[in-house]
Structures are given as C-alpha cells and as structure tokens.
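Student: Could you take me through this structure, giving the general idea behind each feature before the case at hand?

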Amino acid sequence: PEIPATVWSILPVVLLAGAFSFLLYSLSRDIIGGVMLQFFVSVVLCFVSGCLYPAYFFPVQVQQLAQWLPTGIARTQLASCITGNAPGWTLPALLSYCAVMIAIGVIARVQHIRGVKG
C-alpha cells in the first residue's frame, strides 16, 4: 500500500526533470551544447538549492531563493516522500514549473525549426 503513494509522490519530480531537460535541449543548437548546458545548469541549481551542499551554508537571501527554484521544490517533494510531511504547495508548484518549461521548450523548438527551414 505504501509503494503506490510514494510512486505518485515521486512522479512530479520525474516529470520536472524531463521538462527541464527538454527545455535545455530545446535552447541549445547541437547535442554537445545541450549536454554541457544540461550539466552546468543542473549542477549550479542543485548546489544552490541544497541538493549537493547544505542550504544553511548560504546567506539567508540565497536560502529563500533556493526554496522557490525548481530543484529546491523537487528536493522538498522528495524529502517529504521520506519523512511523510508533504507540504501542500509543492505539487502545484512542480506542475506549474513543468508546464512553463514545456511551453518555453516548444516555443524554442518551433523557432529553431522555422529558422532552419527559412
């Protein structure tokens, strides 16, 4: 009974990771640029959000910003899967970030395709 609830809690984080990857690859011109952009942006966001280093290490302003970054919200959602204390705002925030990232990625990809053809 606990496994399906955990899977449903982790699914928005997986969706966010996919939308984030789609956005970054849509913004790049080639595969190497996409991989490099994906790596460096992910490392910076994860570092600032407290995924790689404790968030309390940073100044208060950075800590406040980190909780609203996509990686910070994803970290909060994953932590709530372990602790069982799920804040109600993380799911709508994750899905909103996903929708925005997919929309920007589609717009960037369409512009890229139009630029290649025209």
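Tutor: Q77 counts as buried because its relative accessibility is 7%, where buried means under 20% relative accessible area, exposed over 50% and partly exposed in between, with a 1.4 Å probe and protein chains only. This is a predicted model, in which local features need pLDDT of at least 70 and side-chain atom pairs count only at pLDDT 80 or more, while totals for chains, interfaces and linings use all residues. Residues are numbered from 1 along each chain as its sequence is written, and side-chain values use heavy atoms, leaving out hydrogens and water.

Student: Which side chain does the side chain of Q77 meet in a polar contact?

Tutor: A polar contact is a pair of N or O atoms within 3.5 Å; within protein, one must be able to donate a hydrogen and the other to accept it, and residues adjacent in sequence count only if both atoms are side-chain atoms. Here the partner is the side chain of T90, at 2.5 Å, and the Q77 side chain also reaches the backbone oxygen of S9 at 3.0 Å.

Student: How many residues has the largest nonpolar core?

Tutor: A nonpolar core is a set of buried Ala, Val, Leu, Ile, Met, Phe, Trp, Tyr and Cys residues joined through side-chain atoms within 4.5 Å. The largest one has 16 residues, and those with the most contacts inside it are L16, F20, A74, L94 and M101.

Student: What is L16 in contact with?

Tutor: Contact means heavy atoms within 4.5 Å; leaving aside neighbours within four places in sequence, L16 touches P70, A74, L94, Y97, C98 and M101.
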